[in-house]
Amino acid sequence: RKWHTKLFEYAKSIGIEIFSSPFDEDSVDFLESLNCPKYKIASFEMTDLNLVRKVSKTRKPIIISTGMATINEVKNAIKEINKFHNKIIILHCVSSYPTKLEDTNLNRILELKSIFKKNLIGLSDHTNDIISSIIAMPLKIVVIEKHFKLHEKDKSPDSSFSIVPIQLKKLKKYTLSIHKSIL
């Protein structure tokens, strides 16, 4: 929690919006004390409807990841959120770390769009490159989640599927160009 407090303070001091993923109900209260503007619900927590309900009651936007969830579990979570609001982005996700390009199953984005017509769809990309994020752009995703590290040699639990600043700059450049060409 100390780490979160420092991160939230720093992000706010430089004008960056920051939010987090609570993994239990007490964490929602803690994040509310930090004025968390939106929430992400990881696919591992999608079936914890008490947690989903508690987050939904804040009436703040919610990003949910589908990696470990079945379509019915996603539907149940959406149904619970809809009791309070419909500010939801659903992320296609493959819970394999890192995800191989051939396992990204980007056509699933189209399936999610077909099933969840009232919701926006994005991509949680756990590859260690930017290719699948770029490929997903013509599918009209609204957000890309990528893990990020400052230096190639940084080691952390997610470093094997995190991109570095040069890749992030390229991802931004290419996605903005693709977005312009699609509109």
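This dialogue walks through a few features of a predicted model.

Visitor: How are the strands of a sheet held to one another, and in what order do the strands come here?

Guide: In general, strands of a sheet pair through backbone hydrogen bonds, and the pairing is either parallel or antiparallel. In this predicted model, 6 strands form an open sheet with parallel pairing, in the order β1-β2-β3-β4-β5-β6. Strands β1 (39-41) and β6 (162-163) stand at the edges and have a single partner strand each, so one side of each is left without a neighbour in the sheet.

Visitor: How many bridges join β2 to β3?

Guide: Strand β2, residues 62-65, is joined by 4 bridges to strand β3, residues 88-93, and the two run parallel.

Visitor: Is Asp-125 buried or exposed?

Guide: A residue is called buried when its relative accessible area is under 20%. Asp-125, which is placed in strand β4 (residues 120-125), has a relative accessible area of 3%, and therefore counts as buried.

Visitor: Which residues make the nonpolar surface patch?

Guide: Tyr-10, Ile-14 and Ile-16 make a nonpolar surface patch of about 320 Å². Of these, Ile-14 lies in the loop between α1 (2-13) and α2 (25-33), and at 44% relative accessibility Ile-14 counts as partly exposed.

Technical notes:
Residues are numbered from 1 along each chain as its sequence is written. This is a predicted model: local features need pLDDT of at least 70, side-chain atom pairs count only at pLDDT 80 or more; totals for chains, interfaces and linings use all residues. Side-chain values use heavy atoms; hydrogens and water are left out. Buried means under 20% relative accessible area, exposed over 50%, partly exposed in between (1.4 Å probe, protein chains only). Patches are made of residues with over 30% relative accessible area and no salt bridge: like charges are joined within 9 Å, nonpolar side chains (Val, Leu, Ile, Met, Phe, Trp, Tyr) within 5 Å. Accessible areas come from the Shrake-Rupley method with a 1.4 Å probe; for residues, only the protein chains shown count as cover. A salt bridge is a side-chain nitrogen of Lys or Arg within 4 Å of a carboxyl oxygen of Asp or Glu. Two strands pair if DSSP finds at least two bridges between them.
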